[in-house]
Each structure stands twice: as structure tokens, then as C-alpha cells.
Amino acid sequence: MIAELGHFVLVLALVVAAVQAIAPIYLARTAPDIALSIARRASYLQFILILLAFAALSYGFVRSDFSLAVVFANSHVAKPLIYKIAGVWGNHEGSMLLWVLIVAAYGAAYARFTDTKDSFAARVLIVQGWLGVAFLAFLLFTSNPFARLLPAPFSGQGLTPILQDPALAAHPPLLYAGYVGFSMAYAFALAALTGADDGGNWARRMRPWILTAWIFLTLGIALGSYWAYYELGWGGFWFWDPVENASLMPWLAGTALLHSALVAEKRDTLKKWTLLLAIITFALSLSGTFLVRSGVLTSVHAFANDPERGLFILAILGGFSLAGFVLYGLRLPRLAADKPFQPVSREGLLLVNNIFLATATVTVFLGTIYPLVLDALGMGKISVGAPYFNAVFAPLTIPFALLLPLGPLLNWRAGSVKPLQNRLLLAAGAAALVTCGIVLSRGAASVMVVALFAAALWLLFGAGLDLAQRLAPYRSRLIKFWTLPANAFSAPLAHAGLAVMLLGILAATQWRAEIVVAAALNQQINIAGISLRYDGLREIDGPNYRAEQARLTYLTGRHQGTHIFPERRFYEAERAQTTEAAITTDMTGHLYAVVGETSGDKRVLRLWYHPYVAFIWLGALLMALGGSFALVTRLGRA
Amino acid sequence: MMRSVWIMLIMLVALAPAQSLDPGEALADPMLETRARALSQELRCMVCQNQSIDDSDAPLARDLRVFVRARLQAGDSDAAIRDAVVERYGEFALFRPRLAPHTIALWGMPIFILLCGGFLAWRLVGKSSETSS
């Protein structure tokens, strides 16, 4: 009954979305006030209805109602409650319901918080309405989450065990909040292209929304990476897997958009590019979904390889992208020409940032689709993997990181490096000194690695300079840090975050230690200056799995005498196995231990030392924090 | 009884986690082993999803790891080993595609985009020096 109600309100939501998408168009000329009022109310109503549907599906999962097809296929009574709830979006239908919920949430939030009550706002909500219509139709016609099974099965098939993880419970909602958030950029771009009645203020009004989307996407990707690190059994944090790339592309484009919108807002130039970038970013967000859901790429993320769904999503992707690009093409001649500007200025450096980020986006795009295209053209099967991306990204990162710190330090309009000379030399000297220290103590694998270390350190010290410069006017009250303006921290934190992440990636990939042993009972194992003893194995019972748990004991160092317990889990309901690495954090990195299969009367143990690997996710957190400071500033001003 | 159930479960593994090297596989010579690891990371495991033979625990990947190390010990160059692998499995086995007519766009596009962006930026900026002078 609850499920039928859920289905019913979802149909209602589609009707409401259609009203939101169509009615204001007819009223925009004659009665703009009424048009906006209808659009806003429809946004609220659409959100409430979808929320009800989402609650209904969650109820089905929590109650383990196996008469619902998605619950049967993705849940099990023996599953802990948190994973029953996370199971709502741990499958295709439910995750699409989450997607439309977030679309509606952004629409409703915009309707609530928009500062201007003009026809521009109405047009933004119209675009959001169309998105609602498209995705609700997709959900209802190809992926109904409320489909029943008759007769109802007695038990469910369970959720893939590697998805039964707290990080993965939060990963999809964060990622979707990011992807869908960029629909606001798209809606703003379309609204700006269809009328100039906002006085060219769209860039300023768009920024909080793309900041929000960007923060969510940053966190979502980082969480996915961290999950892969501890769950997949050897400590890799990025695989350049097509699905990862699908999320990286909108992130790179969105980062470029964030910066170009700043130029569009402050200097009234780069506006054409910013509009195009807004459309591209959302198109990439959609193609991320398309690539993942359609089965074009097979991976752990592909819940359903259903050609009908693939075609429908392709139509949505093609429709919205095409609409955006065609409108852009038609309106381009009428857009005001971009005002030229000096190369050595903040906007000049922000343009450089955009060129590099655009190149990075195209590289990821090309690397992801090239094998598919080549295969489709019958020109052979090739693979494009991590070695390709590393080979392209490493040389791209160096000039990017070298130029980046100059941007925030230079003034708008006509900047000059001269007054900064001494400070820049100081930062460069510090970076060179630390790099020398690293090379002397750890050696150097290649010139490229040394250059990357130097560039990352320069970026870090450059962010420090930027912070110092921004805080200089408040020198007298640095102690009362809570009275300092939030905005002073935004760019320095985000840029330092990138530096910290780069350092983490370099350290973790360059200095990693690894050992594989077939260990006998009480055998001693040495890795990265740590000694451990293998104490044997026992069987344990989890809530919905059985596990083999190994025990190792630290023989030396700060952790001396403590035990670690790597596990191999066997999930009976899902008939699958996972490894649970034992990870110990200390000052210089992670000890990462995994228990493997038997080898005669011995047991294979795999141990890694991942130096400073946590810097990677710490860097992502810093970036998101920097974004949050910028967002807080913006909201405070509005 | 329990043991046989477990063995059955292990055989039904749908998503076996990556587990790389087995004990005793690594070469004694650290220089050769470093080269072996670097090479292994560039070679695709043909029966896995987007895993290199260095990351995979599939038997085929293990065979290839052993093959790579044997050839290294025999004194072959990296290029010769790559060629031998391509001869067996085709270009699909290389994670870093070779520069060839059909991969020119792949390798050249990043540079092309960078140059295009630079050119467009130069034009925009160039206008500004005209107007100011």
C-alpha cells in the first residue's frame, strides 16, 4: 500500500514538474509575477512529492518488503539497518529516485533562496522543471522503483558486500549532489542566453550554486577514492577507471567554471566562455550518469545493462546538451564581445587556469572514449589506462602548479610581479630547499618526480603567501581568528589542498614499500622499519558474514605489543568475498595489512607501507573547506 | 563440512579483490624487479576489468608476470617484452598505447588543446595591448 502511494506521488510529481516546465513559459510575457509564483510553488510541491516517494521506498527497504522487486534484488533481512537504508540508493532504480530527489531539492532551494523575483528566476525554474520531467519520466517508464513481485519472495538477494560500507553509503548522495548541482549552472546559462533582464548579474548569482555543487562533488569523489583505497585490498586510490573518469570530468570542468565565473562576475569578461563552460560541465555530469548507467562501460558501478534505459538516458543527455549548445550557437552573435585584458593580471592567470583545466578535461574525455570510438570504427582494440593518464598529467601539472600561486597574488586589471618579487623568491627558495632535502633523504626516481615535488611545494608556499597577504590588514587581531573574514581563507585553503593532495600522491606512489610472504605461525615480518609477528588465524561470525581473521603483533616502535586484524569475509547471502585490510595510522603513513589465501600450511600475507597517503584525502577536504569558506562569504553577503 | 561450504563460497566469488604478487614471484635482483613491476603496471590483465597484471590475482595475470620476469632475466629489453606480449594478445594488452597513426589524436590532442587555448588567450590579450596603446 505504502509502495503504491509512493508510485502515485511520483506520478503526481511528474505532472507538477510538467506544470513547472510549461505553464510559466506562456505566462512569462503577460503576467511575469504569476509565472514566477507558479514556478516556485511547483518547485516546492515537486520536491515534497518526491520526498514522500523516497520515504515510501525507504520504508520498503527498512521493513524488508520483498514484494518490491528492488528490495528483493538488493536487500536481505540479515543486513544491518544502515545498509538497508543505504540500499535504497545501492541499486539502479533507487539511485535514480535519489537523483530526481536532488534535482527537485536544488529547484526548491533556488525557489526559496533566490534574491530576485524576476523573470530570470522564472526561467531558471523552468529549466529545472524540464529536468524534473525528463528524469521523472525516465524513472517511471524504465526504472520504476515500486514494481511489485507476485508472489512475494520469502527472502532477498542481498546487497553486493563491497557496497556494504559506511563510506559507500554516503558516496552516491554526495556525488549526485555534485552532478545535479551543476544543473543549476546549466539552468543559469540557459536563462542568461534567453534574456538579458538580469543586467548581466548571472555570474554573481550562479557562483554560490556552482560552489555548492563543486564542494559536494569534491567530497564525493574523495570518499569514493578513500573507499577504494581501504576496500579493494592493496591501497590503490585512483585507477583511472572509466567510471572514475566520468566523475573527474565534471569536476575538472566545474573547477574551471568556478574560476571563470569569478572573472565574469568581477571583470565582466570571459562571459561567453563561462556560459559555454556551464553547459559543458552539466553535459559532462549527465554523460557521467549515462556512461555509468547505460552499460557502455562495465564496472562495479553498472547496476543495469539495459539497452532501453541506455537509450532513454542517451536521449536525455543528447536533448539537454543539444538544446544548450544550439541555443548558445544562436545567441552567441548577440552576446556582448568580451572585454580584452592584460595578460599579467588576476584575470589573465585565471584564464591560464582555464586553459589547463580544459586541457585536462579533454585529456580525460579522450582517454575514456578513444578505445570505444576506435573499436566502433573497426580500427582495432586498444586500452588506455593509468600509464597514459600519468604520462599526460605529470607534465601538465608542473606548469599549472607553477603559475597557479601567481593568480591570487596579482591584482585585477593590470597586475605586476615586481612588488611581489621578494616574497615570491622566498617561497621559491623554501620550495627548492625542501625539495633538496627530499632528494637527499629519499633519492630521486626521475627528473619528473623531482619537478613535481618542487612544483607542489611551491604551490603550498604560494598559498601561504596568499593567506599572509589577505590577512595583512587584520594583523592586529590575528589572535581573534573568529573575527577574521572567511573569504581570506577560501582560495589559500583550496590551493593548499591541491598542493597537499599532490604531495600525498607523490609520496604514496614513490615511497611505497610492499612485502608478500607465505607466513608460518610466529614468523616475523619486516617492512619499512616495522617488525611484526604473525600469530595465526581464527574464524569469526559477523552480522551477515563469516570471516577468517588473522592476527599480527607489532614487535617494535610506538605500537609495540598492539595487534592488528586483517580479515577475509564471506557473505553467504550474496555469495561473495571481501578483504578487510587492517590499516594502522602513524605519523608518516599507513601500515596496510591484508590476509590472503593458504599456501600449504602457511598463510599468504600482503603488507604495504603507504607513506603520507592520507594527505590525498586531507587535500580534498582542504579544497572542500576552502570552497565552503567562499560559500559562507557569498551567503553572508546576499 | 564447514570447510567444503567455504571452498564452494570461494569458488562462487563474484568480485574477487585485487591481490597482486604471490610469494616467491619477485626477482632477487632489485633493479630487474623494479623494471618488472613498472612493466607489469603497463600490461592489461586480459580476463579482468581494467586491472593491470600487477594488480590482478587471475591465473592468466600470474602467468604473464612470470613470463615478464623470465624474459627480463634472459636479458630482454622492455620494448622487446612489450612486443612479445602484443604479439600474443594484441595491442589491447598495453595500458599505454603506442604512438602510431591510429593513436596520434590520443597523444596529440592534449598539446593541441593547450596550444589552441594559448592562441585564443593571446588573441584576447593582444587586443588589449592595442586598445591601451
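This is a predicted model: local features need pLDDT of at least 70, side-chain atom pairs count only at pLDDT 80 or more; totals for chains, interfaces and linings use all residues.

Me: OK, how is chain B divided?

Reply: Into domain 1, residues 18-98, and domain 2, residues 99-133.

Me: And how far apart do the C-alpha centres of those two domains of chain B lie?

Reply: They lie 38 Å apart.

Me: Switching to chain A. At what angle do the axes of helix 12 and helix 13 cross?

Reply: Roughly 175°. Helix 12 covers residues 346-376 and helix 13 covers 386-403; their axes come within 11 Å. Angles over 145 degrees count as roughly antiparallel, so helix 12 of chain A is roughly antiparallel to helix 13 of chain A.

Me: Which residues make that contact?

Reply: From helix 12 of chain A, they include Leu349(A), Val352(A) and Phe356(A). From helix 13 of chain A, Tyr388(A), Phe389(A) and Val392(A) are among them.

Me: How many are nonpolar, polar or charged?

Reply: The contact between helix 12 and helix 13 of chain A has 10 nonpolar residues, 3 polar ones and no charged ones.

Me: New topic: the sheet in chain A. What's the strand order?

Reply: 1-10-9-8, an open sheet of 4 strands with antiparallel pairing. The twist averages 15° from one strand to the next.

Me: Which strands stand at the edges, and why is one side of each left without a neighbour?

Reply: Strand 1 (513-519) and strand 8 (582-586) of chain A. Each has a single partner strand, so one side has no neighbour in the sheet.

Me: How many bridges join strand 8 to strand 9 in chain A?

Reply: 5, and the two strands run antiparallel. One pairing: Thr585(A) has His590(A), in strand 9 of chain A, as its bridge partner.

Note on methods
Residues are numbered from 1 along each chain as its sequence is written. Chains are lettered from A and ligands numbered from 1 in the order in which they are written. Domain bounds come from an automatic or database domain assignment. Axes are lines fitted to C-alpha atoms, for helices over the stretch in contact, and angles run from 0 to 180 degrees between N-to-C directions. Angles under 35 degrees count as roughly parallel, over 145 as roughly antiparallel, 65 to 115 as roughly perpendicular and the rest as oblique. Two residues are in contact if their C-beta atoms, placed from the backbone, lie within 7 Å. Ala, Val, Leu, Ile, Met, Phe, Trp, Tyr, Cys and Pro count as nonpolar, Asp, Glu, Lys and Arg as charged, and the others, Gly among them, as polar. Two strands pair if DSSP finds at least two bridges between them.
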